Amino acid sequence: LISGLYLMYRQYAGVRKLMHEWPAYFLCAHQLYRLGGACFLYLYLAKDMKSFFNLQTGVLDIAMGVSAIPMALYVRGKPLKDVKTVLMVWHAIGLYDLVSAFAFAIPDFFGIYRQEPSVAYIAFPPVTLICYFQVAWAMSIHFMYLTSFNAIAKAQGSKRKPK
């Protein structure tokens, strides 16, 4: 799904135009759903699933979710060129959270490196829905901002006046 979203973004001008024109504050604010990552921290703290995966994923997801609305309020109405550094750092942390989770989970799935306790539980429903849809969407947005910031700023008119 992640590669499909990326290919659509790269190949179809209409998709690029749509993604570039979505306001930066919206793409930050909608990351509020990342508060759902508290379930990983819950597993770590209450369910005796003391793996680094659960701790890191839980803490970083909560951090992204908690910072989503303040980031959106900070970015809203400002020219993107004025908030580039803050946005790039925020999106880099968001992408790191998601990519590092996969970096821990994939070797465990294939038996290359077994964690105790195993994180293979994320390969089964309902957790797979998070991996297939929410993670793919969030990774796509973070990656798009990190690789196409100048095009996005141009499409949104970096010279507009703050509200």
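## T128 and helix α7

Not counting residues up to four places away in sequence, T128 touches I122 and A123, where contact means heavy atoms within 4.5 Å. T128 is placed in helix α7, residues 127–155. Helices (H or I, at least four residues) and strands (E, at least two) are DSSP runs, numbered from the N terminus. T128 has a relative accessibility of 11% and counts as buried. Buried means under 20% relative accessible area, exposed means over 50%, and partly exposed lies in between, with a 1.4 Å probe and protein chains only.

## Basis of the model

The model is predicted: local features need pLDDT of at least 70, side-chain atom pairs count only at pLDDT 80 or more, and totals for chains, interfaces and linings use all residues. Residues are numbered from 1 along each chain as its sequence is written, and side-chain values use heavy atoms, with hydrogens and water left out.

## The chain as a whole

The secondary structure of the chain comes to seven helices and zero strands. From the N terminus on, the elements run α-α-α-α-α-α-α. Along its principal axes, the C-alpha trace spans about 50 × 35 × 25 Å.

The chain has 163 residues, and buried residues make up 40% of them. Among contacts between residues at least 6 apart in sequence, 74% join residues at least 24 apart.

In α4, the residues F40, L41 and L43 are buried. They cover an arc of only 155 degrees around the axis, so they lie on the same side of α4; the arc is that of the directions from the helix axis to the C-beta atoms. What covers the buried residues of α4 includes α5.

Just after α4, D48 takes a positive phi of about 55 degrees. S51 lies in the loop between α4 and α5 and, at 3% relative accessibility, counts as buried. Leaving out residues up to four places away in sequence, S51 touches Y44, Q115, P117 and V119. Y44 also has a lysine over its face: K50 lies there at 4.9 Å from the ring centre. A charge sits over a ring if NZ of Lys or CZ of Arg is within 6 Å of the ring centre and within 35 degrees of the ring normal.

## Helix α5

Helix α5 covers residues 52–75, which is 24 residues, and reaches 32 Å from its first C-alpha to its last. This is close to the 34 Å expected at 1.5 Å a residue, the expected span being 1.5 Å times one less than the number of residues. A kink of about 40 degrees lies at A68, shortly before the proline P70. The bend at a residue is the angle between axes fitted to the seven residues ending there and the seven starting there.

After α5 comes G77, with a positive phi near 80 degrees. K78 lies over the face of Y74, at 3.6 Å from the ring centre.

## Aromatic pairs

A search of the whole structure finds five aromatic pairs. Rings of Phe, Tyr and Trp (its six-membered ring) pair if their centres lie within 6.5 Å; planes under 30 degrees apart count as stacked, over 60 as edge-to-face and the rest as tilted. F40 and F53 form an edge-to-face pair, with 5.7 Å centre to centre and 85 degrees between the planes. This pair links distant parts of the chain, F40 in helix α4 (residues 38–46) and F53 in helix α5, 13 residues apart.

F40 is buried, with a relative accessible area of 7%, and F53 counts as buried at 2% relative accessibility. Elsewhere, ring pairs link W22, F26 and W137 into a cluster.

L35 is found in the loop between α3 (24–29) and α4. L35 is partly exposed, with a relative accessible area of 36%. L35 and G65 are 30 residues apart in sequence and 4.7 Å apart in space, C-alpha to C-alpha. Not counting residues up to four places away in sequence, L35 touches D61, I62, G65 and V66.

P107 lies in helix α6, residues 84–109. Its C-alpha atom and that of L80, 27 residues apart along the chain, are separated by 38 Å. Leaving aside neighbours within four places in sequence, P107 is in contact with F102, I112 and Y113.
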